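Hi,

Here is the structure I promised you.

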Amino acid sequence: MKDAVTYFKYLKTIGVEYVEPSPATVQALIPAEQKPAAAPPSAASAPKKEEPAIVSDKEAKLAELAAKVTKCKKCPLHKTRTQTVFGSGNPNAEIMFVGEAPGADEDEQGLPFVGRAGKTLTKMIEEPRVLGMKREEVYIANVLKCRPPNNRPPEPGEVAHCEGFLKEQIALIRPAFICALGAHAAHTLLKTNEPIGRLRGKWFDYEGVPLIATYHPSFLNRSPEYKKEAWKDLLMLKDAYQNRRAR
Ligand code: URA
């Protein structure tokens, strides 16, 4: 039952508000004493062709992975989390953003980038002079799926335990582009310790997917003078995305 709850919560994060129950589910929910006596089989009650699945295979696999994350106790962060934060957005997104770790708001709501940094990220995505897309069009996840206490930076052991989930998530989404937000995401995905100031503004390859790194929205909130550099990175991403769509 807990898995089912996790699954439906996950569906909500990707915008599925209503799932048509199958006739078998409806039957299973009716108490035996309220069920009408079985009618003899007739042409009208003959088995019908299967309805097309409402949830795609990819969505089902993402939901399975999200359920695994919910149960994860590989590192001590499970003791302090309110809930895990798997990711949200379009499972068929062409652009995937990867941040660092959930903060207090994300831990409370179970969704990534919903606090102050999230507001800035939404602007970066939606501002017509920057990326000019809808937030729902992209996919957003973090390196860590649990909040580090007091928003301290992720520890190497935590990243090592959690990284596999992110890898699987990226492999399932199969985005055309990845945007790493901040040093932790860039270092985890690119296996380098170069400062983010030296990584931004260039294209890298993450397992065949073009990856661009930029400053983290929280850093931009603290140091708005770096926004113009971040906007340049996002314009590079926009260019590549639009060129791909024009092909
Ligand atoms: N910062 C992050 O890196 N991720 C979030 O989800 C929120 C803030």
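Before the contacts, one term: a polar contact here is a pair of N or O atoms within 3.5 Å. Also keep in mind that this is a predicted model.

Let's start with the ligand. Which residues surround it? The shell is made up of Gly99, Glu100, Ala101, Glu106, Pro112, Phe113, Asn142 and His216. Sorted by class, that shell has 3 nonpolar, 3 polar and 2 charged residues.

With Phe113, a polar backbone atom is 2.9 Å from an oxygen atom of the ligand, which counts as a polar contact because the pair falls within 3.5 Å. Glu100 also uses its backbone: an N or O atom there lies 2.7 Å from a ligand oxygen. His216 comes in through its side chain instead, with a polar atom 2.8 Å from an oxygen atom of the ligand. As for cover, the ligand on its own has 230 Å² of accessible area, and the protein covers 93% of that.

Now for the space itself. The ligand takes up the largest pocket, which holds about 530 Å³. Its lining runs to 25 residues, and those nearest the centre are Glu100, Ala101, Ala117, His216 and Ser218.

H10 has the largest share, with 4 residues. By class, the pocket lining splits into 10 nonpolar, 9 polar and 6 charged residues.

There is a cavity to look at as well. The count of cavities of 30 Å³ or more comes to 1, and the largest cavity has a volume of about 90 Å³. Its lining is Cys72, Lys74, Cys75, Leu77, His78, Arg81, Leu144, Lys145, Cys146, Glu158, His161 and Cys162. Two elements give two or more residues to it, helix H4 (77-80) and helix H7 (156-173), and H7 gives the most, with 3. The cavity lining counts 6 nonpolar, 2 polar and 4 charged residues.

Cheers

Notes: Residues numbered from 1 in each chain as written. Predicted model: local features only at pLDDT ≥ 70, side-chain atom pairs only at ≥ 80, totals over all residues. Heavy atoms only, no water. Near = heavy atom within 4 Å. Polar contact = N/O pair within 3.5 Å; in protein donor to acceptor, adjacent residues only side chain to side chain. Areas by Shrake-Rupley, 256 points an atom, 1.4 Å probe, with all protein chains shown as cover. 1 Å grid on protein atoms, 1.4 Å probe; cavity = no way out; pocket = protein on both sides within 12 Å on 5 of 7 lines; lining within 4 Å. Sits in = over half its atoms within 2 Å of the grid points. Nonpolar A, V, L, I, M, F, W, Y, C, P; charged D, E, K, R; others polar. Points joined across faces, edges and corners; volume = space filled by probe spheres on them.
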